[in-house]
Amino acid sequence: MTEPKRDIQMVIITGLSGAGKTQTVQCLEDLGFFCIDNLPPTLIPKFAELCAQSEGKINKVALVIDIRGGKFFDTLFDALENLKTQGFSYEILFLEASDEVLVRRFKESRRRHPLSPLGRILEGITAERHRLEELRGRANKIIDTSDLTVQELKDRIIDLFATETGKFMVTLMSFGYKYGIPLDADLVTDVRFLPNPYYVPHLKPLTGHDPQIRDYVLNNPVTRHFLRRYGGLLKFLLPHYITEGKTHLVVAIGCTGGQHRSVVLVNEIARLLQKYGYEVIVKHRDIARSVPGEGRL
């Protein structure tokens, strides 16, 4: 019987409550990781075995293990030792932040700290730091999120893990100019020169995901010409960014409200870049906002 392969990239995500583990998991999911939140440590070796038997279908795994596991958390080191004995490798990503920042985040979210549900938030943070001290010492990577925005944290994760998988990542983002240009964009393109479905009454409440909007935008000869030209430009540019050592490029395409034209074009360009063999993350920043022209969130 053939021994199952153990060449699985496994990341154990841990750290202080409120330090950004949720955002980290979401980013790793975008990078193609199979993610599980709050898995009891005793199940880690068994889960790794199941991944090894998946015949390569699950080869990148991220597991969130933290003090929410209660008494099960205390078995983590035994589980990791068992994992190593079975021939699996792993790395630990530890997220932390300053006391001041964590207190502020808990107050803003109105969440209770898991180690101090009825007491002061700071007491829970102090107890958690002490409990995680040994685990922090074993971490392969530590990220202090005190001064990071959500997007900056995602960029750090992409830099760490997209590079390790040897893949250049492109994030294609639609946005509405009325809500501001994305600050993290590397390339910004304005497509407000195209006819706007907003002014067609029966199309106004729809989005670029709807076939009617897609047909309206793509049936325009100017749109088709733009896609050919812009697709050719990206096909030329991306290899040069890779040569210069860039691992992640954010391409933003904007229309007025970020719900119609830019959504259609981002979806089309994503398909084109995937055809060229690039790893693509699609984000529609403003599609969930109110109908264009009816105010901000």
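Leaving aside neighbours within four places in sequence, with which residues is A139 in contact? I found I92 and F94 in contact with A139, contact being heavy atoms within 4.5 Å.

I note that this is a predicted model, in which local features need pLDDT of at least 70, side-chain atom pairs count only at pLDDT 80 or more, and totals for chains, interfaces and linings use all residues. Residues are numbered from 1 along each chain as its sequence is written, and side-chain values use heavy atoms, with hydrogens and water left out.

**A139.** I located A139 in the loop between helix 6 (133–138) and strand 5 (141–144); helices (H or I, at least four residues) and strands (E, at least two) are DSSP runs, numbered from the N terminus. I recorded a relative accessible area of 18% for A139, which is therefore buried (under 20%, 1.4 Å probe, protein chains only). The C-alpha atoms of A139 and I213 are separated by 48 Å.

**Cores.** I looked up the largest nonpolar core, which has 52 residues; such a core is a set of buried Ala, Val, Leu, Ile, Met, Phe, Trp, Tyr and Cys residues joined through side-chain atoms within 4.5 Å. L28, L31, L63 and I157 have the most contacts inside this core. Apart from it lies another core, of 29 residues, including L187 and V251. Not counting residues up to four places away in sequence, L31 touches several residues, among them K60, I157, F161 and I281.

Definitions and conventions. Buried means under 20% relative accessible area, exposed over 50%, partly exposed in between (1.4 Å probe, protein chains only).
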